Amino acid sequence: MSQPTAPFRADIVGSFLRPDSIKHARQQFAEGAIDATTLRAVEDEAILRVVQHQCDCGLNVVTDGEFRRAWWHFDFFDGLQGVERYDSDQGIQFNGVQTKAHGVRVTGKLGFGNHPMLDDFRYLKSISGDAVPKMTIPSPSVLHFRGGRKDIDATVYPDLTEYFDDLATTWRDAIRAFYDAGCRYLQLDDTVWAYLCSDEQRQQVRERGDCPDELAKIYARVLNKALEGKPADLTIGLHVCRGNFRSTWISSGGYEPVAEVLFGSVNVDAFFLEYDNDRSGDFQPLRFVRPGHQQVVLGLITTKNGELENPQGVKARLAEAAQFVAKEQICLSPQCGFASTEEGNSLSESQQWQKVRLVTEIAAQVW
């Protein structure tokens, strides 16, 4: 039986493979063959279909598949005040492949303003029917971590204390704006906590002059400040991702290095955690999840390939996790989205929906 409120026993992370209609329309738009209004109409129709697919799979929650975005994070950052995108020397290095060479930097005072993604959510809400529409946006720590001090204008923010205060306020304003637009389920996508679990990434942080453990504490404070005053009927989840680009990844390592700070102090309602392979470590760090209200959504179904998991194996892992956190606090989802960027992962749309159905079927049997 599904939970009546989010997060749901069978949940999703957010993005889905872009259909050919979107890919073709985006290419036409880039070439100047169609205008923004025509592109949006194509997106609207594709989103309508992906919402129906999610409902047909038995989900009580739906997203727009992130169909209007090229990236899971840059498109959101583009709409913030004080942030600009630039062409970097190289892309983000994944395991054996690099992304397109983009970066973001803070050139003015941070602010949320009248963000264009508010309208994106309003459209999703208008077509979601009986399902709960979920909005996904990057977490505030993502804006800081990749570039650090070098991508923050020192004349605007000579003191990073003020920067982190404004970062938290910007996300608090975002949370309120989406709530006012009708959002009752918001997910913050965050690669940084996983990076802080990786020995390699932690060393890179030290080499640039930062302390990984201190950064974890700063990011926890920023998140909690952003969550201050959150309405009681708004569910906020935090998805901790190890990187997802064309079925590749960035970081390895279990959650132990950040578990006490992340699970023990960050006041989100749910943690979406990747647990689809050995790189994710064991379930012991879940002992820090506070009993009661907070939920742990275990990403035991991989989105990196189309091979379908054995249901009995997934159920066994859910039982194993329940040794460290109460079964009533556990939910199930795919490990990540299926297309964190418009390129998408290495599986077919048919395999994608088989994975989603597997999540709902297992959840119905376990709970």
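A residue counts as buried here when its relative accessible area is under 20%, as exposed when over 50%, and as partly exposed in between. The structure shown in these views is a predicted model.

**Figure 1. Salt bridge between Asp165 and Lys225.** Across the model, 21 salt bridges are counted. In this one, the side chains of Asp165 and Lys225 come together with an N to O distance of 3.4 Å. Asp165 belongs to helix H6 (residues 160–180) and Lys225 to helix H9 (residues 212–227), so the contact ties together parts that are 60 residues apart in sequence. Asp165 is partly exposed at a relative accessible area of 35%. Lys225 is also partly exposed, with a value of 25%.

**Figure 2. Salt bridge between Arg176 and Asp180 within helix H6.** The closest N and O atoms of Arg176 and Asp180 are 3.5 Å apart. The two residues are four places apart in helix H6, which puts about one helical turn between them. Asp180 is exposed, with 58% relative accessibility, whereas Arg176 is partly exposed, with a relative accessible area of 38%.

**Figure 3. Arg184 with its partners Asp233 and Tyr179.** Arg184 and Asp233 form a salt bridge in which the closest N and O atoms lie 3.3 Å apart. This pair links distant parts of the chain, 49 residues apart: Arg184 is in the loop between H6 and strand S6 (185–190), and Asp233 is in the loop between H9 and strand S7 (235–240). Arg184 is partly exposed, its relative accessible area being 31%. Asp233 is partly exposed as well, at 43%. In another part of the model, salt bridges with shared partners connect Arg26, Arg40, Glu43, Asp44, Arg68 and Asp120 in a single network. Arg184 has an aromatic neighbour too: its charged end is placed over the ring of Tyr179, 3.6 Å from the ring centre.

**Figure 4. Arg105 over the ring of Tyr86.** Here Arg105 lies over the face of Tyr86 at a distance of 4.2 Å from the ring centre.

**Figure 5. Aromatic pair of Phe16 and Trp353.** The model holds 16 aromatic pairs. Phe16 and Trp353 form a stacked one, with 4.8 Å from centre to centre and 25° between the planes. Phe16 sits in the segment before helix H1 (20–30) and Trp353 in helix H12 (residues 349–366), so that the pair links distant parts of the chain, 337 residues apart. Phe16 is buried, with a relative accessible area of 1%. Trp353 is likewise buried, at 6%.

**Figure 6. Aromatic pair of Phe76 and Phe77 and the cluster around it.** The rings of Phe76 and Phe77 pair edge-to-face, their centres 6.4 Å apart and their planes at 65° to each other. Phe76 has 1% relative accessibility, and because buried means under 20%, Phe76 counts as buried. Phe77 is buried with a relative accessible area of 1%. Phe76 and Phe77 belong to one aromatic cluster together with Phe112, Trp171 and Phe178.

Figure 7. In soluble globular proteins, nonpolar side chains tend to be buried together. With residues up to four places away in sequence left out, Leu286 touches Phe263, Leu273, Tyr275, Val296, Leu298, Ala321, Phe324 and Val325.

Figure 8. A polar atom of the Gln187 side chain lies 2.7 Å from the backbone oxygen of Val13. The side chain of Gln187 also makes a polar contact of 2.6 Å with the side chain of Lys134. Neighbours within four places in sequence aside, the residues in contact with Gln187 are Ile12, Val13, Lys134, Met135, Thr136, Ile137, Gly237, His239 and Phe272.

Note on methods: Residues are numbered from 1 along each chain as its sequence is written. This is a predicted model: local features need pLDDT of at least 70, side-chain atom pairs count only at pLDDT 80 or more; totals for chains, interfaces and linings use all residues. Side-chain values use heavy atoms; hydrogens and water are left out. A salt bridge is a side-chain nitrogen of Lys or Arg within 4 Å of a carboxyl oxygen of Asp or Glu. Buried means under 20% relative accessible area, exposed over 50%, partly exposed in between (1.4 Å probe, protein chains only). Rings of Phe, Tyr and Trp (its six-membered ring) pair if their centres lie within 6.5 Å; planes under 30 degrees apart count as stacked, over 60 as edge-to-face and the rest as tilted. A charge sits over a ring if NZ of Lys or CZ of Arg is within 6 Å of the ring centre and within 35 degrees of the ring normal. Contact means heavy atoms within 4.5 Å. A polar contact is a pair of N or O atoms within 3.5 Å; within protein, one must be able to donate a hydrogen and the other to accept it, and residues adjacent in sequence count only if both atoms are side-chain atoms.
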